[in-house]
Amino acid sequence: RSGSSSFIIFLFLLMAAYLAMPLVEVPFMGLSLSAPLFALVALQALLRPPEPWLRKFQGWILLAGWIWLGLFISTVGNGLLSGGVDIDSDGVLYLVRYAYWLLTFVVTAYFASREDLLERVSGVLGWAIFGLALARLFEAVVWGKIGFWTNTRFMSQNGYGFLFSMFFPFLLAPILSARGWQKTFAILRLLVGAAAVIVNGSRGAWLGVLVGIIAFASLNLLARPKKFGWSLLILALAGLAFLAVQYAPDRVRATFDQRFATFERLEEDKSYQIRQLMIQKGLRLFEESPLIGVGVSRFRKESIPLDLPRMLTYAGQEHFDAKSAHNSYISFLAESGLAGSLPFALLLLTLGLRGFKSSLALARRQQPWALSVFSAFIGMSVHMWSISSLTNTANWFLYGLVAAVIVRAGRREAP
């Protein structure tokens, strides 16, 4: 068996598309469509792989296992120390889910590194995020869902925003690699995507997408300094999209200006103050139990004295205890302590440092899609400071793609 079957490859690409555009669920079951798709891919990778791979990927496997072991120690340790009080079915369920997400990371790292799958995945993700942008613009035009706090229908505005931060950079590589009318269409897709990001009104997405674009342009400049004009073009197109808001319909312009103005007065923004309060809670929970944290899934269930700012005194602390952490890193630190956070930090450091070097190496071999993968990782990582999002498949899938870039670059294949 020299390669994966066409059917399994199709399922993997379909899973990638769904993760970037998860607008439907499994009928009558309320399940993510990615779960059954990934199960079939994982079965082949584990039971009938085209080639032996476990030894070659043992570093990634051991790192994933270390993260899960830390989560297990945190969850079970809190249960034992509390006499069974601080462990429940949610904690056990999330241990199982983390095993699934970490398996997603490992299998994606292996599967995407083979053949030409990274190039194909990059293309599929570009089309999927373009489709998501069209869906968001459809809501704006047909149902008037312009700006934040407008109760979007297909998915939440935070959901839209985080996916834009994750996958928007996959719209950029085709601008470098396409030819003729396809390059023109690639530019059009970028502008449509930018319009959707602006209309959605998520400040985290504005920042995440902007960072992703700057990262892509900067990486391309480092990898191919003689092609600096393309980096400038990408930055100019992004700037043009934001400048064009001033010529948009009055409602769009007014909504954008109002939302953008909140950056200048965050101390008066209730949403921002709640996020700061949850950071305070997370750090205090960590200080109380630095080694094993409070246990997986327990951030909302734990209470610790907090200093409420004047703006948030409209409710008691019990109201805020049930709030989301609104910060992926603080939430993970508070729940898993050093037991889980140290290996997770090592994973991020490895992906960041080696992914940077590997994406540049592949870009120099005329493979700009690698810049999209790493820029997506950067944009997602920035947005994760304002959203609690580690408990979903897409994050770990993207981590797996960065690992696959590292593996591909290490093969030193000819361009």
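Ser389 is buried, at a relative accessible area of 4%; here buried means under 20% relative accessible area, exposed over 50%, and partly exposed in between (1.4 Å probe, protein chains only). Ser389 belongs to the loop between α15 (369-383) and α16, where helices (H or I, at least four residues) and strands (E, at least two) are DSSP runs numbered from the N terminus. Its C-alpha atom is separated by 9.6 Å from that of Ala325, a residue 64 positions away along the chain.

The model is predicted: local features need pLDDT of at least 70, side-chain atom pairs count only at pLDDT 80 or more, and totals for chains, interfaces and linings use all residues. Residues are numbered from 1 along each chain as its sequence is written, and side-chain values use heavy atoms, with hydrogens and water left out.

**Salt bridges**

Side chains of opposite charge can pair when their charged atoms come close. A salt bridge is taken as a side-chain nitrogen of Lys or Arg within 4 Å of a carboxyl oxygen of Asp or Glu. By this rule the structure has eleven salt bridges. The table lists pairs from among them.

| Pair | N to O separation |
|---|---|
| Arg298 and Asp88 | 3.6 Å |
| Arg120 and Asp116 | 3.8 Å |
| Lys281 and Asp321 | 3.9 Å |

Arg298 is buried at 8% relative accessible area, whereas Asp88 is partly exposed at 27%. In the pair of Arg120 and Asp116, Arg120 is partly exposed, with a relative accessible area of 36%, and Asp116 is partly exposed as well, at 35%.

Lys281 is found in helix α12 and Asp321 in helix α13, so this pair ties together parts that are 40 residues apart in sequence. Lys281 is buried, with a relative accessible area of 0%, and Asp321 is buried at 10%. Through shared partners, salt bridges also join Asp86, Asp88, Asp90, Arg298, Lys301 and Glu302 into one network.

**Aromatic residues**

Rings of Phe, Tyr and Trp (its six-membered ring) are paired if their centres lie within 6.5 Å; planes under 30 degrees apart count as stacked, over 60 as edge-to-face and the rest as tilted. The structure holds 33 such aromatic pairs. One of them is the edge-to-face pair of Trp60 and Phe105, with 5.9 Å centre to centre and 80° between the planes. Trp60 lies in helix α3 (residues 58-81) and Phe105 in helix α4 (residues 89-112), so the pair ties together parts that are 45 residues apart in sequence. Trp60 is buried at 8% relative accessible area, and Phe105 is buried at 1%.

Tyr110 and Phe111 form an edge-to-face pair too, at 6.4 Å centre to centre and 75° between the planes; Tyr110 and Phe111 are both buried. One aromatic cluster is formed by Tyr94, Tyr98, Trp101, Phe332, Phe344, Phe356, Phe374, Phe377, Trp396 and Tyr399.

Charged groups also sit over rings, a relation that requires NZ of Lys or CZ of Arg within 6 Å of the ring centre and within 35 degrees of the ring normal. Arg153 lies over the face of Trp143, 4.1 Å from the ring centre. The charged end of Arg189 is placed over the ring of Trp127, at 4.4 Å from its centre.

Arg408, in helix α16 (residues 393-410), is buried at 2% relative accessible area. Its side chain makes a polar contact of 3.2 Å with the side chain of Gln367. Thr150, in the loop between α5 (117-143) and α6 (157-167), is buried at 16%. The side chain of Thr150 reaches the backbone oxygen of Gly147 at 3.0 Å.

**Nonpolar surface**

Phe7, Phe10, Leu14, Leu40, Leu43, Leu46, Leu47, Leu54 and Leu103 make a nonpolar surface patch of about 860 Å². Two or more residues of the patch come from each of α1 (6-20) and α2 (34-47), and α2 supplies the largest share, four residues. Patches consist of residues with over 30% relative accessible area and no salt bridge, with like charges joined within 9 Å and nonpolar side chains (Val, Leu, Ile, Met, Phe, Trp, Tyr) within 5 Å. Accessible areas come from the Shrake-Rupley method with a 1.4 Å probe, and for residues only the protein chains shown count as cover. Leu14, in helix α1, is partly exposed at 34% relative accessibility.

Note on methods: A polar contact is a pair of N or O atoms within 3.5 Å; within protein, one must be able to donate a hydrogen and the other to accept it, and residues adjacent in sequence count only if both atoms are side-chain atoms.
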